[in-house]
Every structure is written in structure tokens, then in C-alpha cells.
Amino acid sequence: MINVAVIGTGAMGRHHVRIYSELENVNLVAISDLDEINGKKLAEKHSCKFYADFKAMLDTEEIDAVSVVVPTKFHTSVALYCANKGKHILLEKPIADKVKDAEEIISACKKNNVLLLVGHIERFNPAITELKRQIDSGTLGKITSIISKRVGLFPSRIKDADVVVDLAVHDIDIFNYLLKSTPEKVNSNLGNALIDDRPDYANILLKYDGTSAFIEVNWTTPVKIRTLSITGTKGYAELNYITQELVIYETNLEKEFDSFGDFIIKFGEAEHKNIEITKSEPLKNELMHFIDCIGTGAIPKVTGEDALEALKVCLIVTGDKN
Ligand SMILES: NC(=O)c1ccc[n+]([C@@H]2O[C@H](COP(=O)([O-])OP(=O)(O)OC[C@H]3O[C@@H](n4cnc5c(N)ncnc54)[C@H](O)[C@@H]3O)[C@@H](O)[C@H]2O)c1
């Protein structure tokens with residue numbers, strides 16, 4: 001049984017709490033949040049202890065592992081404290097908002113011999129797991145182009161992160177993961193449409209070795225869309241992160257057509273396979289993986305170094321030299 005605690009139980013942290021409380025090999029000992037009213041209610045609901053001060057929680061309770069789900073600007077101070085207390089850490093994405101801080105977190109975890117998993121949740125989406133399997137087995141051939149779209153309205157609770165570090169970081173990490181490399185070149189257009197203090201839209205063009213990749217992120221499109229399209233020399237794939245659907249089109253050599261009706265029949269609905277995916281909650285898969293890694297000593301699927309690579313690209317896009 002692994003004793004866990006959650007630090008930060010807002011919009012995302014409360015889901016960590018819910019899932020830990022449902023896992024069989026986990027004992028959710030306590031949670032901590034600065035918001036005592038909601039924190040106490042949540043603790044009561046899940047039959048665990050509540051602390052307003054996470055340091056007091058770590059000093060008092062027997063805890064093996066923590067989820068750190070505080071706003072990004074507090075990731076470094078909270079994660080360093082937990083690492084120095086010898087706690088295994090699931091740190092929400094992005095790892096930090098500065099390269100130097102991310103490096104410090106990674107080295108503190110190594111020094112204290114604690115596991116660090118960064119919450120790049122899309123790695124645990126079963127549609128991505130299947131797409132990765134298809135790519136690695138050569139179904140699509142050599143990947144020449146990847147396009148992702150992650151758009152929707154601004155979540156007003158986000159006070160610190162911009163749209164690049166909050167949203168595009170997911171896509172950059174997935175591209176690095178699928179292509180097993182990092183971009184050689186980064187270009188972007190970004191700006192402010194509906195909020196004043198940070199970019200709320202960005203179009204990012206990345207050049208990998210032999211692959212061109214494009215990301216559209218924003219907090220302005222009035223509908224939530226999370227999609228990925230991949231073109232390879234042998235096929236084309238479309239993935240929907242929300243519905244966990246994956247469709248694969250095999251390359252079809254151009255056909256002749258005799259009339260417009262014939263054109264619609266031959267090209268209107270290309271031959272494709274709807275790949276069967278057993279849908280599951282990505283966050284639950286992520287938390288189960290974290291607990292498994294603690295038990296087995298396995299290297300987590302998303303390391304601190306992976307998360308640092310994604311952060312570096314975000315900071316190039318936003319022109320942040322830190
Ligand atoms: N993986 C994902 O898809 C995903 C989705 C949403 C958020 N996140 C990440 O989760 C983190 C939190 O985001 P959110 O949307 O839940 O924010 P939020 O503002 O809703 O919640 C953050 C909570 O942390 C608490 N907090 C702040 N400082 C604290 C401290 N010192 N001790 C204890 N509690 C403290 C706040 O009171 C608040 O309740 C961010 O890093 C964000 O990037 C990840």
C-alpha cells in the first residue's frame with residue numbers, strides 16, 4: 001500500500017484526489033490547499049485529513065508520494081520541498097515556468113532518490129498509446145507532417161500561465177514522444193485576442209528531422225477541440241483526444257474518375273479503418289502508472305527531462321529567455 005497526499009486541490013487537484021481515493025493499492029492519507037473551506041469539504045468527502053499548510057502535512061503524516069497540483073508559479077518551491085523530504089512526486093505540467101527551476105527540480109529528485117513523473121496527461125490517453133504503437137510498427141511509414149489543434153475558451157482560473165505553456169506544452173511533448181526527437185527549428189505567430197496580459201493564441205511551426213509539425217492553440221475558439229493529424233509515407237491518421245477515436249487511412253494511389261458523381265463516390269469517403277480503442281480516463285492511467293513506478297522502480301513514462309524539453313520549446317515560442 002502506498003500512502004499518498006495531494007497538494008493543491010483546485011480544478012485539477014480534486015480529480016487526483018477522486019482517483020487516488022478509488023485506487024486499491026493506494027491509501028489517500030491527506031490533502032492540502034490554501035482554501036480551507038473547499039479543502040475540508042473535499043477531505044471529508046474522501047475520508048482523509050486536511051491541512052492548510054502542506055509542510056505541516058508532510059511533517060505530521062506518513063506519506064510516500066505526493067501529487068503537486070498547485071498553480072505553475074508555485075511548482076518549484078513546493079516540488080523542491082517535497083523532494084528534500086524524500087517524497088515521490090507527480091508534478092503537474094508544465095514542470096515549471098523557467099528552465100533553471102525545472103533543472104533544479106530534476107536534480108533535487110535525483111539527489112534525494114525520489115521518482116519524478118510530470119503530468120503530461122496526453123501520454124496516458126489510450127488513443128495516443130495506440131497511435132504510438134501503430135507508428136512504431138511502421139503502419140504510417142515515415143512521418144512527414146503532424147498537425148495538432150488544441151483550442152477552446154479561456155479558463156479564467158488560470159492566472160499565471162500563457163496559452164503556450166498551458167496548452168501547447170502538451171502537443172510539443174506528444175510530438176517529441178511520437179517522433180523520438182526534439183525540434184531543430186521553432187517559428188511562431190502569437191498574440192492577444194481576448195485577454196491583455198499574456199498570449200491567448202499561438203500558431204507554432206516546428207521542424208524535426210524530416211518532419212514538419214504545426215500546433216494551433218488558443219483560448220478564443222468557442223468550442224473545445226483537441227485533435228491530431230499525422231501524414232506518413234504509407235498512410236494518414238486522425239486522432240481525437242477527447243473522444244479517444246483513431247482513424248487510419250492507408251495510402252490510396254490516385255484513382256481516375258469519369259463524372260462528378262463518380263468523383264464523390266471515389267474520393268468523398270476515403271477507405272479507412274476505425275481503430276478499436278478501449279476508452280479510459282487518462283488521469284487515472286497516469287496516477288496508476290505513478291503508483292506502479294513507485295512499486296517497481298521503473299522509469300516513469302514522462303521524465304523530468306522530457307518535460308524540460310517541452311518547456312524549452314514553449315519558452316522559445318514566447319521569447320522568454322529564462
Ligand atoms: N494535465 C492537465 O491536463 C492539467 C489540467 C489542468 C491543470 N493542470 C495543471 O495543474 C496545476 C493546477 O491547475 P488548476 O487548474 O487545478 O489550478 P487551480 O487554481 O484551480 O488550483 C490550484 C490550487 O492550488 C492551491 N494552492 C496554491 N498554493 C498552494 C500551497 N502552497 N499549498 C496548498 N495548496 C495551494 C490553490 O488554493 C488552488 O486551490 C497547474 O500546474 C496546471 O498547469 C494540468
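Leaving aside neighbours within four places in sequence, I89 is in contact with V66, V68, A79, C82, A83, C109, V114 and L116, where contact puts the C-beta atoms, placed from the backbone, of two residues within 7 Å. The model is predicted: local features need pLDDT of at least 70, side-chain atom pairs count only at pLDDT 80 or more, and totals for chains, interfaces and linings use all residues. Residues are numbered from 1 along each chain as its sequence is written.

Helices (H or I, at least four residues) and strands (E, at least two) are DSSP runs, numbered from the N terminus. Just after α4, G86 has a positive phi of about 80 degrees.

I89 also belongs to the largest nonpolar core, which has 87 residues; I89, A5, V66, V68, A168 and C314 touch the most other members. Such a core is a set of buried Ala, Val, Leu, Ile, Met, Phe, Trp, Tyr and Cys residues joined through C-beta atoms within 7 Å. Helix α7 (residues 163–179) supplies the largest share of this core, 10 residues. Domain 1 (2–119 + 284–299) and domain 2 (126–243 + 245–278) both give residues to this core, so the core lies between them. These domain bounds come from an automatic or database domain assignment.

Methods:
A residue is buried if 20 or more other C-beta atoms lie within 10 Å of its own, exposed if 12 or fewer, and partly exposed in between; C-beta atoms are placed from the backbone.
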